[in-house]
Amino acid sequence: MKKRTIEILNIIDDMYGTDMRCYLNHENAWQLLIATILSAQCTDARVNIVTDSLFKKYTSIKDFANASLSELENDIKPTGFYHNKAKNIIECCKKLHYEYNDEVPSSIEELTSLSGVGRKTANVIRGNIFNEPSIVVDTHVKRISNRLALTKESDPVKIEFDLMKELPKDHWILFNIQIITFGREICSARNPKCEQCRLKKYCKYYKKGSD
């Protein structure tokens, strides 16, 4: 691994620690799967508010599989894009109930065969539930990995594979957890707090702005 990458990871570890805490509240695999589907274009904080009552109303995969589409849409409306999300959740849970006996599968192929589940969601499940080293590329990881020159790609799948080469496996899931906080607190999409940033010497964005 490059000396530069080691230095970046050491600074991030020092800033945010190495606690593998998932920001989406859940008690099991299927709850995390549904919460992650709901998190698309929505903050984790808002999802946690919605799922607090949602998981009391629907207490199993079967409950979601048998849910009324219009009722579920109303239940998850605050998360946005609720028409698609409700439809995907019901279809996803039907497949889990009838084909997987209410068990969430662990392979990337099986997970991405579920409605509403792409590589990002699949990797959240693989990393947080099954402890399979996985890289989750969300908007924060995409933006900051480019700024830190850990990748030159814009496609999330290509970024995922670049980071798999660049980062040690013990940081694959951890990197996403740390970068979400870093992106929210310092390295925002607009008006990042570059002067407060301990990583600015590695950052293309900062160097470009200070030329």
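## Helix H10 and its buried face

Let's start with helix H10, residues 156-166, where Ile159, Glu160, Leu163 and Glu166 are buried. Buried here is under 20% relative accessible area, exposed is over 50%, and partly exposed falls in between, with a 1.4 Å probe and protein chains only. Helices are DSSP runs of H or I with at least four residues, strands are runs of E with at least two, and the numbering goes from the N terminus. Looking down the axis of H10, the buried residues sit within an arc of 130°, so they line one face of the helix. That arc is taken from the directions from the helix axis to the C-beta atoms. As background, an α-helix has 3.6 residues a turn, so residues three or four places apart point the same way.

A word on the model: it is predicted, so local features need pLDDT of at least 70 and side-chain atom pairs count only at pLDDT 80 or more, while totals for chains, interfaces and linings use all residues. Residues are numbered from 1 along each chain as its sequence is written, and side-chain values use heavy atoms, with hydrogens and water left out.

Contact means heavy atoms within 4.5 Å. Zoom in on Leu163, which lies in H10 and is buried at a relative accessible area of 0%. Setting aside neighbours within four places in sequence, Leu163 is in contact with Ile135, Val141, Ser145, Leu150, Trp172 and Phe175. Ile135 is 28 residues from Leu163 in sequence, with 7.4 Å between the two C-alpha atoms.

## Helix H5, another one-sided case

Helix H5 (residues 69-76) has Leu72, Glu73 and Ile76 buried. These residues cover an arc of only 105° around the axis, which puts them on the same side of H5. Helix H2, helix H3 (44-57), helix H4 (61-65) and helix H6 are among the elements covering the buried residues of H5.

Lys94 is placed in helix H6 and counts as partly exposed at 33% relative accessibility. Not counting residues up to four places away in sequence, Lys94 touches Ala65 and Glu99. Its C-alpha atom is 25 Å from that of Val136, which is 42 residues away along the chain.

Arg184 is found in helix H11 and is partly exposed too, with a relative accessible area of 47%. With residues up to four places away in sequence left out, Arg184 touches Asp44 and His140. Glu103 is 81 residues from Arg184 in sequence and 34 Å away, C-alpha to C-alpha.

## The largest pocket

On a 1 Å grid over the protein atoms alone, a cavity is a set of points where a 1.4 Å probe fits but cannot get out, whereas a pocket is an open set with protein on both sides within 12 Å along at least five of seven lines; lining residues have an atom within 4 Å of a point. Grid points are joined across faces, edges and corners, and a volume is the space filled by probe spheres set on the points.

The largest pocket holds about 740 Å³ of space. Its lining has 32 residues, and Ser39, Ala40, Cys42, Lys120 and Asp138 lie nearest the centre. Helices H2 (29-38), H6 (82-99), H8, H9 and H11 each supply at least two of the lining residues. By class, the lining has 13 nonpolar, 13 polar and 6 charged residues. Nonpolar covers Ala, Val, Leu, Ile, Met, Phe, Trp, Tyr, Cys and Pro, charged covers Asp, Glu, Lys and Arg, and the others, Gly among them, are polar.

## The cavity

The count comes to 1 cavity of 30 Å³ or more, and the largest cavity has about 90 Å³ of space. Of its 15 lining residues, Phe182, Cys187, Cys194, Cys197 and Cys203 are the closest to the centre. H9 and helix H12 (204-210) are the elements that give two or more residues to this lining. The lining divides into 12 nonpolar, no polar and 3 charged residues.

## Cysteines

How many disulfides are there? With a disulfide being a pair of cysteine sulfur atoms within 2.5 Å, the count is 0. Cys42 has its closest cysteine sulfur in Cys22, 14 Å away and too far for a bond. Cys92 is in no disulfide either, with the nearest cysteine sulfur, that of Cys93, 5.0 Å away. Both residues are buried: Cys42 has a relative accessible area of 16%, and Cys92 has 2%.
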